[in-house]
Amino acid sequence: MGCSANRGIAVVVGLFAVAVMAADIGAPVQIEPAIRDYSKLFSQKLSKKFVIGDVVDKRKNAGSDTLGSTRTGRFAMSALLCKPAPSAVLEHSLAGMFRELGVLAEDKKNADFQIDAELLDYTIEETNKVFSQQIKATLKFRVKVLTAESGALVNQFVIRAEDSRSAVDTTPFAVRVATNAMISGLQNLLESLITL
């Protein structure tokens, strides 16, 4: 009788474990593609001071926190949710770059230029191969450089970047490819800003 009771407990525990796993399959996956360390990312320097102005979400699904989807089960796909919002990730990344370069101004009166940005695309796409998957992050944003004093448009740049990884399961790489795409985008932007 004791053996039968143990089997019953084992079956209940086993069913509970399967139920917990099943709840995760198909559930949204939250990622935070934040750059944690800006040191050694930039080899170029800037001599002018910049203040961050408006950063606006102009993606096709503007306002949504969804970057794409990923396979979380054999037949289940889960939404990849970006926290904080994608436009906030861009704003924090721009501020982090200027801060690391020592040229971030807190207000217009201490800046040479104001940076306004429009997030045009920030997506993650997962593709299934025969024995593996590929995950790719694509980033596109427009930067408008304005004189801080008058607000006159000096120049504007459309910045594109991407990063990808291949693995048997690419879900764990979603944060890395999204973050690496942002880092590449910042490096591309810096190359453009040097020409000012």
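Predicted model: local features only at pLDDT ≥ 70, side-chain atom pairs only at ≥ 80, totals over all residues.
View 1. You'll find N61 in the loop between β2 and β3. Is N61 buried, partly exposed or exposed? It counts as partly exposed, because its relative accessibility is 33%, between the 20% and 50% cut-offs. Now look for L120: it is 59 residues away from N61 in sequence, yet their C-alpha atoms are 9.8 Å apart in space.

**View 2. R59, on the loop from β2 to β3.** R59 has its place in the loop between β2 (50-57) and β3 (66-73). With a relative accessibility of 5%, R59 counts as buried, since the cut-off for that is under 20%. Its side chain has a polar atom 3.5 Å from the backbone oxygen of T66. Which residues does R59 touch, if we skip neighbours within four places in sequence? They are S64, T66, L67, P86, L119, L120, D121 and Y122.

**View 3. The largest nonpolar core.** This core holds 46 residues, and the ones touching the most other members are M97, F98, I124, L189 and L193. Elements giving it two or more residues include β1 (29-31), β4 (76-82), α2 (86-100) and β5 (113-128). The top contributor is α3, with ten residues. In soluble globular proteins, nonpolar side chains tend to be buried together.

**View 4. A closer look at F98.** F98 is one of the core residues that touch the most other members. Setting aside neighbours within four places in sequence, F98 is in contact with L46, F50, I52, V103, L104, I115 and L193.

Methods:
Residues numbered from 1 in each chain as written. Heavy atoms only, no water. Helix = DSSP H or I, 4+ residues; strand = E, 2+ residues; numbered from the N terminus. Buried < 20%, exposed > 50% of the residue type's maximum accessible area, 1.4 Å probe, protein only. Polar contact = N/O pair within 3.5 Å; in protein donor to acceptor, adjacent residues only side chain to side chain. Contact = heavy atoms within 4.5 Å. Core = buried A, V, L, I, M, F, W, Y, C linked by side-chain atoms within 4.5 Å.
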